[in-house]
Amino acid sequence: MRYIYSNRNLICIDNISLMEIFQDEIVLTLDSGRKLGVFSTKKSDDLEYVFNELSKEIRHGNCNIDMIGFRLLMKNYHGIEDGTWFI
């Protein structure tokens, strides 16, 4: 099994039924119906870029998603650092 994880949450990729952008936030919906806010920002370009990168990781990657590493990637290579990460 693959997981998105941080120091607060561990989410099995197989339990994600939907990932969407709602208002200024990326939201994951689990099979149970629970919704989790993952990332929010007031810059729509950043929101779209993070959404696309996260989608690629969830759909195509073979390894667990390390959210600390993902944050560093977004900050160091793409200049996105002003959003709020919740997971």
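This briefing walks through the sheets, helix, core, charged pairs and cysteines of the structure above.

The model is predicted, so local features need pLDDT of at least 70, side-chain atom pairs count only at pLDDT 80 or more, and totals for chains, interfaces and linings use all residues. Residues are numbered from 1 along each chain as its sequence is written, and side-chain values use heavy atoms, with hydrogens and water left out. Helices (H or I, at least four residues) and strands (E, at least two) are DSSP runs, numbered from the N terminus.

**Strands and sheets**

- Strands of a sheet pair through backbone hydrogen bonds, either parallel or antiparallel. Here, two strands pair if DSSP finds at least two bridges between them.
- Met19 has Leu28 as its bridge partner in strand 4.
- The hairpin of strand 3 and strand 4 has 2 residues between the strands, and Gln23 takes a positive phi near 55° there.

**Helix 1**

- Helix 1 is made of 17 residues. From its first C-alpha to its last it reaches 24 Å, close to the 24 Å expected at 1.5 Å a residue; the expected span is 1.5 Å times one less than the number of residues.
- The buried residues of helix 1 are Asp46, Leu47, Val50, Phe51, Glu53, Leu54, Ser55 and Ile58. Buried means under 20% relative accessible area, exposed over 50%, and partly exposed in between (1.4 Å probe, protein chains only).
- An α-helix has 3.6 residues a turn, so residues three or four places apart point the same way.

**The nonpolar core**

- In soluble globular proteins, nonpolar side chains tend to be buried together. A nonpolar core is a set of buried Ala, Val, Leu, Ile, Met, Phe, Trp, Tyr and Cys residues joined through side-chain atoms within 4.5 Å.
- The largest nonpolar core holds 22 residues, and those touching the most other members are Ile4, Ile16, Ile26, Phe39, Val50 and Ile58.
- Strand 3, strand 4, strand 5, helix 1 and helix 2 (67–78) each give two or more residues to this core. Helix 1 gives the most, with 5 residues.
- Leaving aside residues up to four places away in sequence, Ile16 touches Ile4, Ile11, Leu28, Thr29, Leu30, Asp31 and Ile58. Contact means heavy atoms within 4.5 Å.

**Charged pairs**

- Side chains of opposite charge can pair when their charged atoms come close. A salt bridge is a side-chain nitrogen of Lys or Arg within 4 Å of a carboxyl oxygen of Asp or Glu, and the count comes to 4 salt bridges.
- One of them joins Glu20 and Lys35, at 3.6 Å from N to O. Glu20 lies in strand 3 (residues 16–22) and Lys35 in strand 5 (residues 35–40), so the pair ties together parts that are 15 residues apart in sequence. Glu20 is partly exposed at 27% relative accessible area, while Lys35 is exposed at 52%.
- Another links Lys42 with Asp24, whose closest N and O atoms are 3.3 Å apart. Lys42 is in the loop between strand 5 and helix 1 (44–60) and Asp24 in the loop between strand 3 and strand 4 (25–30), so this pair ties together parts that are 18 residues apart in sequence. Lys42 is exposed, with 73% relative accessibility, and Asp24 is partly exposed, with 34%.
- Lys43 and Asp46 form a further salt bridge, with their closest N and O atoms 3.7 Å apart. Lys43 is partly exposed at 43%, whereas Asp46 is buried at 9%.

**Cysteines**

- A disulfide is a pair of cysteine sulfur atoms within 2.5 Å, and the count here is 0 disulfides.
- The sulfur of Cys12 has its closest cysteine sulfur in Cys63, 15 Å away, which is too far for a bond.
- Cys12 is buried, with a relative accessible area of 8%, but Cys63 is exposed, at 57%.
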